[in-house]
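Please look over the model below with this note beside it. The points take up a helix pair and then a domain boundary.

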Amino acid sequence: MHQVSSAARTEIGPSIEELKGTAQVIRRDIITMIHAAQAGHPGGSLSATDIVTALYFRIMRLDPADPHWPDRDRFILSKGHACPVWYAALAERGFFDKTHLATLRKLDSILQGHADMKKTPGIDMTVGSLGQGICAGLGMALAGKLHGKDYHVFVMIGDGESQEGSVWEAALAAPRWKLDNLTVIVDNNGIQNDTFTDDIMPVEPLAEKWRAFRWNVIEIDGHKMEEIVPALESCLYRDPPDSAGAEGHQPEDCDTTVTRRPGIPTVIIAKTVKGRGVSFMENVPAWHGAAPNDAQAQAALAEFAEGLR
Amino acid sequence: MSDHPSRYHHVLPEIVEQLASDKPFGAAKMQATRYSYADAMLELGERNPDVVVLDADVSKSMRTNDFAKRFPERSFNFGIAEQNMMAAAAGMATTGLIPFASTYAVFASLRALDQVRNSIHYPRLNVKIAASHSGITPGPDGVTHQGQEDLSLLRAIANSTVVAPADPVSAKLAVHAAAAYDGPVYLSFTRDPVPTIYSPDFPLRLGRAVVVRDGWDATIIALRDLVAHALVAAARLAEAGLEVRVIDCHTLKPLDVECVLRAAHETGAIVTAENNVIFGGLGSAVAEVLVENHPIPMQRIGVRDIFTESGPYLALLDKYGMSARHMAEAVRQVMARKRRA
C-alpha cells in the first residue's frame with residue numbers, strides 16, 4: 001500500500017525472545033540511572049518497558065545516526081515523567097552513548113527530569129506536562145498525512161494521565177481526521193502519583209470510553225511480548241517489513257491475530273503492573289516517584305541478574 | 001489643520017491632517033486587525049505550502065475560513081479545544097510545517113497557556129499564535145472575552161516573541177515578518193475596527209520600534225490599538241506647544257532597548273500606553289530598562305488592577321483611563337516631574 005521510503009533503514013526486528021532480553025537490559029538501566037540520580041519515577045518506567053522495547057527494537061522505522069530523519073516513525077512518551085525508560089531504550093538503540101545515563105537529572109545533562117527534544121537525540125517531542133504529548137502526536141499524524149508520508153506516530157499515555165481533559169480533546173479529534181497513522185498506547189498500571197487511580201479518580205472503563213470516541217480498541221497484557229508485538233504491528237500505517245500484507249497478519253512467533261482498520265486510529269489499552277520486574281516495587285504506589293537507595297538498587301539488580309522474572 | 005506634517009513618519013498624510021480635530025479618524029479606513037491577519041494568511045498560503053492554519057471554532061470571526069476555503073487541505077478546525085490545537089500545532093511544527101494557531105487572546109494566553117509554554121516555547125517550535133480580541137477590544141463581550149493580560153503572560157515566557165501591531169497595514173506586515181522568523185511568535189490583533197494610520201512603507205521589523213512622530217519634550221511609547229490614540233494625544237499637546245515623540249513599539253518582546261533609551265536621553269520623560277494590564281506588559285518592560293540604565297520620570301497607561309466590563313470599545317478605553325486625554329494628562333505630569341528633577 002505504501003512505499004517504504006528507505007529500504008536500507010528498514011530492519012527485520014529481533015525475535016520475541018530477544019526482545020524479552022532487551023527489556024531486562026532496559027529495566028536494569030532504569031534502576032541504575034534513577035539510583036544514580038536519587039530522583040525519578042521507576043514505577044511508571046518499568047510498567048512501560050516491554051512496550052517501549054518492542055517499539056524501538058522491532059516496530060519503529062528509525063535511524064539512530066539520523067534522529068531527525070523525516071521519514072522516521074515517531075514515539076512520544078506523553079507520560080513524560082517515565083522518561084528513564086525512553087532514555088534507556090534510546091541509548092541501547094544507539095541514539096547516544098550509554099555513559100549519559102548516569103547524568104540523568106544532573107546539571108548540564110542531556111537527560112532532563114522530563115524529556116527535552118532539543119537536548120536529547122531521538123526524543124521526538126518535549127513532554128512533562130501531562131495531556132500534551134498525545135495532542136502533539138495528533139499534530140504529527142496530521143502532518144504526515146498532509147506531506148504524504150507513510151510514517152507512524154505512537155503515543156504512550158498513562159491511565160492517570162487520562163484524567164487530563166486535553167487527552168479527550170485529542171481522542172475526539174483523531175477519528176474526525178481519520179488518523180490511522182496514529183496509535184495511542186495506554187500504560188494502564190492503575191496507579192498515579194498519590195495512590196491507586198481507582199481511589200483518586202477512576203478512569204475505567206477505558207475500552208468503552210475509547211470505543212465511544214470511535215477508536216479501534218485493542219486490549220493486551222502490556223508485559224507479554226507475544227501480545228505487544230502483533231498489536232503494534234497490526235496498527236502500522238504501512239505494511240510491517242516482515243509481512244506480505246496487513247490483513248490477518250500473524251507473525252510466526254506471536255499468538256494473536258489482529259487486523260488493521262483503515263481510516264480509524266487505534267488505541268492499545270495495555271494492562272500493566274507499576275514497577276514491573278522489581279518484586280518490591282510491583283503495584284506499590286510509593287514507587288511512582290521515589291528513587292531506590294543503595295540496598296534497594298542492589299536488590300533490584302540482583303533480581304534482574306538472577307533472571308527471577 | 002495639524003501641526004508640522006514633517007514630524008510624522010510613515011503616517012498617512014490624511015491622518016496627520018486630522019489628528020488634532022474633533023474627529024481625528026473621521027477620514028480613516030477602519031478595519032479590525034483580525035481581518036488583516038486573515039488577508040495576510042491568504043497571501044502566505046499562496047506563497048508557502050508549509051503554512052497551515054489551525055482554528056478553534058472562531059474561523060468565521062477571524063475570517064480564517066477564507067483560508068479554509070482556498071486551502072482546505074491545509075486548514076484544521078479543532079472545534080472548541082484550544083489546548084489540543086496548541087499542542088497539535090507544536091507537533092506539526094516538528095515536521096517543518098508552519099502552523100498559525102488562531103483563537104481569541106484569552107484562550108490562547110490563558111486556557112491553553114500550559115501548552116503554549118511547555119509544548120511550543122520550551123522546545124522553541126515554529127508555531128505562530130494568532131490572537132484576536134486582545135486587550136478590551138471585544139468591548140461588548142465583557143471581561144471573559146477580553147484578553148487584558150495576554151501581552152504580560154506571553155512576555156513572561158522564555159523564547160517568546162510578542163508582537164502587537166497598531167493598524168491594518170502594520171498587522172499584515174507583522175504576519176509576514178512572523179512567518180519569516182524561525183520560532184514561536186505571538187501576534188496580538190484587535191476585535192474592533194481600528195483606523196488605518198500607516199502608509200505601505202511602514203518598516204516593520206521584529207524587535208525594531210518605529211518613531212512615528214518626532215518630539216523632544218516627552219515620549220509616548222505605545223503598542224497595538226493605542227498608538228493611534230497616542231498620535232492624537234501628541235497632536236493635541238502640540239497645539240499647547242509641547243512636542244511629544246510617539247514610538248510604535250509593535251514588538252513588545254524583544255523590546256527595542258536602544259530606541260527606548262534614546263527616547264529617555266533625548267526627551268527625559270516617558271509615558272507608556274497599552275490596552276493591557278499595567279503589570280508585566282509594555283509599561284513594565286520600559287520601566288525595567290529605564291530603572292537599570294537611565295531612570296527618568298515615567299508613567300504607565302493601561303488597565304489598572306481591575307476587571308473591566310462590557311461596553312463600546314472607545315467608551316471602555318475612556319472609562320478605564322486609556323484614551324488620548326489620559327495620555328495627554330500623563331505627559332503633562334511626567335513633564336512636571338522632569339522639571340522638578
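**Notes on the model**

1. In chain A, Gln24(A), Arg27(A), Arg28(A), Ile31(A) and His35(A) of helix 1 meet Ala297(A), Ala300(A), Leu301(A) and Phe304(A) of helix 9. Contact requires C-beta atoms, placed from the backbone, within 7 Å. Helices (H or I, at least four residues) and strands (E, at least two) are DSSP runs, numbered from the N terminus. The residues of this contact comprise five nonpolar, two polar and two charged. Ala, Val, Leu, Ile, Met, Phe, Trp, Tyr, Cys and Pro count as nonpolar, Asp, Glu, Lys and Arg as charged, and the others, Gly among them, as polar.

2. This is a predicted model, in which local features need pLDDT of at least 70 and side-chain atom pairs pLDDT 80 or more, while totals for chains, interfaces and linings use all residues. Residues are numbered from 1 along each chain as its sequence is written, with chains lettered from A and ligands numbered from 1 in the order in which they are written.

3. Chain B has domain 1 (5-27 + 201-340) and domain 2 (31-195), with bounds from an automatic or database domain assignment. Their centres, taken over C-alpha atoms, are 25 Å apart.

4. How many residues of domain 1 of chain B are in contact with domain 2 of chain B? There are 33, and they touch 35 residues of domain 2 of chain B. On the domain 1 side, helix 9 (226-239), strand 12 (251-253), strand 13 (270-277) and helix 12 (313-319) of chain B each supply at least two residues. Strand 13 of chain B gives the most, with four residues. That side divides into 17 nonpolar, nine polar and seven charged residues.

Methods. Two residues are in contact if their C-beta atoms, placed from the backbone, lie within 7 Å.
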